[in-house]
Amino acid sequence: MAAIGVHFGYTCACVAIFKDGRADVVANDAGDRVTPAVVGYRETEQIVGIAAKQGRVRNAANTVVKVKQVLGRSFDDPETQTHKTENKCQLVNRQDKPHYEITAGDRPVYVVPHDVAKLILHKMKETAQSALGSDVNEAVITVPFEFAHAQKRALREAAEAAGFHVLRLIHEPAAALLAYNIGQDCSAGKSHVLVYKLGGTSLSVTVLEVNGGMFRVLDTLTDHSIGGEKITEVLAQHLAAEFKRTFKHDLSNNTRAMMKLMIGADMAKHNLSSLSTANCFVDSLHDGIDFECNISRARFELLCASLFNKSIQPIKALMEKVGLSNSDINQVVLCGGSARIPRLQQMIRDMFPDVEMLNSAPPDEVIAVGAALEAGLLVGKEGLAPEEETVTVDVSATDILVKEVDDSGAEVFTVLLPSGTPLPARRQHVLTGGGELSSIVLRNLQPKEDKHDIDTVVTMKRDGSVHVSCVEQSSGRPEVVTIAAAS
Amino acid sequence: MLLTALDGDETAVFKAAVASVQIQVEPVGRWFEAYIKRRNRTASASFQELEEEQQSSEESRTRSFNQDHYCVLGLPHLRYKATQKQIKTAHKGIVLKHHPDKRKAAGEQIGEGDNDYFTCITKAIEILSDPVKRRAFDSVDPTFDNTVPSKNEGKENFTEVYAPVFERNARWTSKKHVPKLGTMESTFEEVDNFYSFWYNFDSWREFSYLDEEEKDKAECRDERRWIEKQNRGSRAVRKKEEMNRMRNLVDSAYSLDPRIKKFKDEEKARKEAEKKAKVEAKKREQEEKERARQAEIDAARLAKEKEEEEARQVAQLAKKEKEIQKKAIKKERQKLRTSCKTWNYFTEEESDSVKMMEEVEKLCDRLELTSLQSLNEILALGSREDSKVAVVKQVQEVNAQLQREKEAEVQQRQPTRSDHASAGGGGGSGGRASTRKTSRCSSRPSTCFLLGPTPVIADYMNLHSTSGTKRTAKDVIIKAKSLQRLDPKQKDDTNRKAFEKFNKEHSVEQKLLEQALKKFPVSTPERWEKIAETELVEMVKAKKAAQDVAGKTKNDKNHKE
């Protein structure tokens, strides 16, 4: 049964479909696997995607970008205000709700962010359905961890208006973990995973604990001041300086030229992730002058060095906040388009030298793939209870250990049930022992040459009480003990 | 490894477990879904949960207890050999005895529901009556001894140690007719058959009975799939262990088997012998060949020697004969000479006698043995006149022969020389360019005969002629005319012959000139003068003198006429 996973970001949206046990990202009608979350309003039509992004040069006032920033927010919200100042499209206040003022037609039209989001999500649905060839509506949509309830509700409503049947909204870091199948094979064990997401407009770093196949967010940090667009801007500034040096024209007041330069810089930046040098050319940039410039990767890295440093900083802060050292992290997952930058990857790798870095999948598609996998799990099930985005579960508070001696005779502890294991839990172990067991004592075992194999079942109930039953395999001697939980 | 308990230790609870805490988790993933489902199903109190948990732990205990189903049915002596029929009858008997209804009637305490031991019987028959389940149980038969004898054990008495092990393991085979280990006296075929069987051992042993997770317990398809995967993994591991065990057993047996060693030694010895025989045969063959070759060579040499000997003898004979002939010729010649001398060369004049002497010498040279003999006979028998006639006749013949030979030679050489003749034709009578040219021109009578003065030619010819006949200018003209009348080919022949001759005698002059040239290098001033001073001059001068003489004789002739 097929299902859809949608990653709806600030700058870009990506859609993946789950079919025949696989989740794959599908390309849109322009052939791109990632669609810019930009809507351009014209006199008679609305354009979504790359065409709108490119058309923004001429139609900046009627092109809506980063609609996610104002989705579900009131007009007075500081985020809305910053969005208003940064955006070229006029944002007005009507009934305490932000509205975009579109002046494409004869009379100004007021559009709510909800409609803009709906248009984008509708485009994603069309993309998925054309790839599937059937009318599938079941979808899982990702949201950033910091989204408030109102924002989530607004997004869900927009998705439903676009024709989706929203199975669940899941958090982006969790989706990234799902895409890499972390903790899904075996429920036992505990590990820590760091998810580093550098998208177009925001950076978010999250530490998750994976225990018993469940993900728990330990903490997260979000920085809206760093993103791929900032990097492009730095590059564009550099190009403008180059232009000024060569042709003695200042571009800083020419918004349209700057926008053109931004598009060129964006392309150059993408190329620099795979090539050592990239060429940026803009026809008729200013006064009919064609601009062409070659940028090496080293130059690019030099230009953005401070930005890169800034984007690495939150990791340290977060680690301190969570109280883990870098060696406690078992895996690092990279996502977001800007995480492709080789220098950035290198910096993170330097930070976690012995940690497995997961970047095999394209980072801007990982989240959509995870969403599609989750959609595949959920589709066709009834009683999808959790409306809320996190669920409370009982977990064990401490590690349950077994005391053993190693070969040299020193006492060692083996973790049977790590702390944070979802309850109730049951673990079956085969322990080997010489003669008799201590603490839980198996009496009257015939001393044997061989080791005794003792089947042990440790059961922990939801209140935390522990039930241990041991059976020696060959003789069948049992011993059972129940340890009540402190109330 | 667990700690060893002390004597007084008892199972006790020292401290309460820490109470559980609540955390928020992300609602994603398979395990979360499974968890939520379980929680929803057992929505209410922990009592129910406890029940469930207890049951499951109990269950696991009975499983880990490893109930021996054969013992339960009273068939411990038969085990895997028991037939379905035996199992059925045994079950029937036990059911008749232990059925709860029966025991109730006898006033016994019956456990509630599944707690009664009768469930064990049900379970036993359930497993043993199903061939698949029974095979799974048989595979992990607890009474089966999995051990493989160590190498040291098998060193001493191999068959005693390994025979029971192989017999024991033979029960896992899916083929019939298991070959026995045999005794020390087993043939090679038997042993080989045994090991090939065990190396290709096809075991039906499998370990699904030990599965940790039960497939039937799964709550949903996903979980079931996952459990299956898990089980498959552990089964594969166990199966691999089992294969390794078998392999180990067979390997160690093979390495220890004294019979294998024996066979190997035998094989080795046989191969060695074969090799030796082969080498010997080769050697013999080579020797034979060598001998044959030697014989051939000897025969060839002998034949050759014989041939040579014969040839030598023949040569000797020929030589002797030749010598005899030579002697005879010598003798005849002497005879001719003496007879000629006695006849005083048929002349009175001194000059004629000298000329005749020459002619006779020529005869001696040219004539064959037989003609010489006949001539001598004539000389010996005949009178002076007869003798003279005979001798003159012979001389004429010889001269004619010589002439013929000369002509033939000329004819042979003619084509190659014709151009030389024409080239030299324009040389004229006694050109003065150089001494050499002059001499060449004058020594070519036939080319110059119309241009140069004929008496000179005649003189020259007389000087050089070997025939001894004197030629006058008239003769020369006649000859030249006749030559002119002859076809040009012949003319050319004559020319060439003359040229050859000239070359021959001229080579002396040539040599002298060359010597002189060498003596006086190019750098020497007055080179030509010096060269001229050498002997060459003498020769040239002599020639000039001869010309002068000829001129004089010509003048004389003219005067006479």
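User: In the hairpin of strand 2 and strand 3 of chain A, which residue takes a positive phi?

Analyst: In this predicted model, D20(A) does, with a phi near 50°. Two residues lie between the strands of that hairpin.

User: What makes strand 2 and strand 3 of chain A a pair?

Analyst: Pairing requires at least two bridges. Strand 2 and strand 3 (residues 22-25) have four, in the antiparallel sense, so they count as paired. Within strand 3, V25(A) stands opposite A16(A).

User: How do you know that strand 2 and strand 4 of chain A pair?

Analyst: The cut-off is again at least two bridges. Strand 2 and strand 4 (residues 34-36) have three, antiparallel, and therefore meet it. The bridge partner of C14(A) in strand 4 is V34(A).

User: What joins strand 1 of chain A to strand 2?

Analyst: A hairpin, through three residues. The two strands pair in the antiparallel sense over six bridges, and V6(A) has V15(A) as its bridge partner in strand 2.

User: Why is T11(A) called buried?

Analyst: Buried means under 20% relative accessible area. T11(A) has 16%, so it is buried. T11(A) sits in the loop between strand 1 (3-8) and strand 2 (12-19). Among the residues it touches, beyond four places away in sequence, are T35(A), K66(A) and E229(A). G200(A), another contact, is 189 residues away in sequence but 5.5 Å away C-alpha to C-alpha.

User: Why is strand 2 of chain A described as largely enclosed by the rest of the structure?

Analyst: Because six of its eight residues are buried. For chain A, 54% of the 487 residues count as buried.

How values were computed: Residues are numbered from 1 along each chain as its sequence is written. Chains are lettered from A and ligands numbered from 1 in the order in which they are written. This is a predicted model: local features need pLDDT of at least 70, side-chain atom pairs count only at pLDDT 80 or more; totals for chains, interfaces and linings use all residues. Side-chain values use heavy atoms; hydrogens and water are left out. Buried means under 20% relative accessible area, exposed over 50%, partly exposed in between (1.4 Å probe, protein chains only). Contact means heavy atoms within 4.5 Å.
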